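Thanks for coming. I will go through one model this morning, starting with a helix pair and then moving on to a sheet and some single residues. Please have the sequence and the structure open.

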Amino acid sequence: MKILYVDKGVDGHHVTYMRALCKNEDAKCVLVLPQNVDIPNVEQYIYKTIDKPPRKFRTYMKFLKEINSFIKKEKPDVVHFLYGDFFYRYFGAGLGRFKGYKTVMTVHSARHSRIEKISLKLISKKMDKIIVHSDYIKSAVEACGVNNAVHVEYPQFNSTVCSSEFAKQKLGIDPNVKVIGCIGGTRPAKGLDIMLEALNDVKSDFRLLVAGAPEAFDAEYIKEHSQKYADKVVTHLHFLSDEELAWAFNASDIIAVPYRRSFNGASGPLGEGVALGKCIVSTDHGNLGDAVTKNHLGYTFACEDTGSLTATLEKALSNEFVRDECYEAYRESLDPQYFEEKYKKLYRELTNDHGADN
C-alpha cells in the first residue's frame with residue numbers, strides 16, 4: 001500500500017503528526033509539503049505554488065495542478081490531505097480530479113457559519129473519508145450533512161514526565177503553591193487577557209505561569225494587567241525547547257485554556273495536560289467545553305466571562321482534583337499508538353488490504 005500525504009505547513013505540530021503517520025509499517029509513505037522535513041527514509045516532494053491559503057482562485061487551481069502532478073507520478077493507493085480547513089474558501093473546487101484515488105481529508109475544527117457548512121458538505125462529497133479529532137466535531141460536521149466522518153482522537157506525542165517539584169524548581173516557582181499554567185503562544189484566541197483580568201479577584205494563593213512565544217500579549221502587556229498580583233506571575237516568554245515545555249506542563253497543577261468563542265478546535269495544552277494527569281480549567285464553549293465536561297477533565301466557566309472564570313479558578317485552587325474512570329479512559333485514548341492503529345485500520349478498510357504485501 002502507498003499513502004501520499006499533502007500538508008500546507010511544517011510548523012508547530014505538523015511534523016510530529018506526520019512522523020507518527022509515517023510509522024505505518026504496512027505502507028510506503030510519501031510527503032508533499034512546502035519544504036523538506038526531518039523524517040528519514042520517506043520520499044518527499046516540495047510544491048512551489050503556495051505556502052498559505054490562496055486569495056486568488058487561479059493560484060488555488062495552480063496549486064491543485066501541481067499536487068496532482070506528484071500524485072500521478074507516485075500513483076498512491078490513498079491520498080490524505082492533512083489540513084482540510086485550507087479548502088473551505090473555494091468549496092472544494094478542483095478536488096474532483098483526485099477521485100481516481102481513495103481520498104481522505106482531516107478537518108481540525110468545527111465551523112458554524114452557514115456558508116462554511118455548505119462548503120464542508122460539498123468538500124465531503126469529493127472525499128472517501130473526513131477525519132475529525134473529537135466526538136464534538138464529528139457531531140458538528142454530521143449536522144452539516146457530512147455522512148463520511150471518522151473520529152480519530154488527536155494524540156499527545158511529547159508527554160515527558162518529571163516531578164512537579166523538580167519542574168517548579170527549574171522554573172523558579174515555589175513548590176508549595178498551586179500553579180496555573182497558560183502554555184503556548186499568546187494568540188488572541190487563547191484568551192490570556194481574560195485570564196489576567198479574572199485573576200484580579202481570586203483570593204486563594206496561586207502562581208500564574210505564562211510560558212511560550214509572545215504574540216498578541218507580550219511581557220509589557222502581562223506586567224501592566226497583573227499589577228495587583230505581580231509577585232505571583234512567572235513568565236518564560238520565548239519559543240520553548242522540548243525540555244522547557246516539559247518543565248512548564250509538569251510544574252502546572254492546573255492547565256488553563258480560557259479560549260475565546262472564535263476558537264473551536266482541539267487544544268494542544270489541554271491534551272498535554274490530560275496526558276500528564278493535570279486538572280483542566282476550560283471555557284464551556286464548543287469542542288473544549290464538551291471534552292472537559294464529558295470526560296470529567298476538570299472545571300468549565302462561561303466563555304469570555306471573567307467573573308465566571310474567577311469563581312471557577314477559586315474552585316480549582318481550593319479543591320483537590322481527583323481523576324476518575326472517565327478521565328483515565330480519555331487519557332488512554334490520547335496514546336499515540338491508539339492513533340497510529342486507528343489510521344492503519346482506516347487505510348486497510350479503504351483499500352480492502354487486510355495484511356497483504358505492499
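How are helix 4 and helix 10 oriented to each other? Before the answer, the ground rules. This is a predicted model, in which local features need pLDDT of at least 70 and side-chain atom pairs count only at pLDDT 80 or more, while totals for chains, interfaces and linings use all residues. Residues are numbered from 1 along each chain as its sequence is written, and side-chain values use heavy atoms, with hydrogens and water left out.

Helices (H or I, at least four residues) and strands (E, at least two) are DSSP runs, numbered from the N terminus. Axes are lines fitted to C-alpha atoms, for helices over the stretch in contact, and angles run from 0 to 180 degrees between N-to-C directions.

Now the pair. Helix 4, residues 135–143, packs against helix 10, residues 286–295, at an angle of about 130°, and the axes are 8 Å apart. The two helices are therefore oblique to each other; angles under 35 degrees count as roughly parallel, over 145 as roughly antiparallel, 65 to 115 as roughly perpendicular, and the rest as oblique. On the helix 4 side, D135, Y136 and I137 meet G286, N287, D290 and K294 of helix 10, where contact means heavy atoms within 4.5 Å. The residues of this contact divide into two nonpolar, two polar and three charged. In that scheme Ala, Val, Leu, Ile, Met, Phe, Trp, Tyr, Cys and Pro are nonpolar, Asp, Glu, Lys and Arg are charged, and the others, Gly among them, are polar.

Six strands form an open sheet in the order 10-9-8-11-12-13, with parallel pairing; two strands pair if DSSP finds at least two bridges between them. At the edges are strand 10 (233–236) and strand 13 (298–301), each pairing on one side only. From one strand to the next, the twist averages 20°. Helix 10 comes back here: it packs on the sheet and touches strand 11, strand 12 and strand 13, its direction making about 140° with that of strand 12. Strand 11 (residues 254–257) and strand 12 (residues 279–283) are joined in the parallel sense by four bridges, and I255 stands opposite I280 in strand 12. Helix 11 (residues 306–318) lies across strand 8 (179–183), strand 11, strand 12 and strand 13, and runs at about 165° to strand 13.

Leaving aside neighbours within four places in sequence, G273 is in contact with F249, I255, K278, I280 and Y327. At 0% relative accessibility G273 counts as buried; buried means under 20% relative accessible area, exposed over 50%, and partly exposed in between, with a 1.4 Å probe and protein chains only. G273 and Q156 are 117 residues apart along the chain, with their C-alpha atoms separated by 9.4 Å.

W247, in helix 8 (residues 242–251), is also buried, at 13%. Not counting residues up to four places away in sequence, W247 touches C162, F166, A167, K170 and L171.

C144 is in no disulfide either, its nearest cysteine sulfur being that of C303, 20 Å away. C144 is buried at 11%, whereas C162 is partly exposed at 22%.

How values were computed:
Disulfide = S-S within 2.5 Å.
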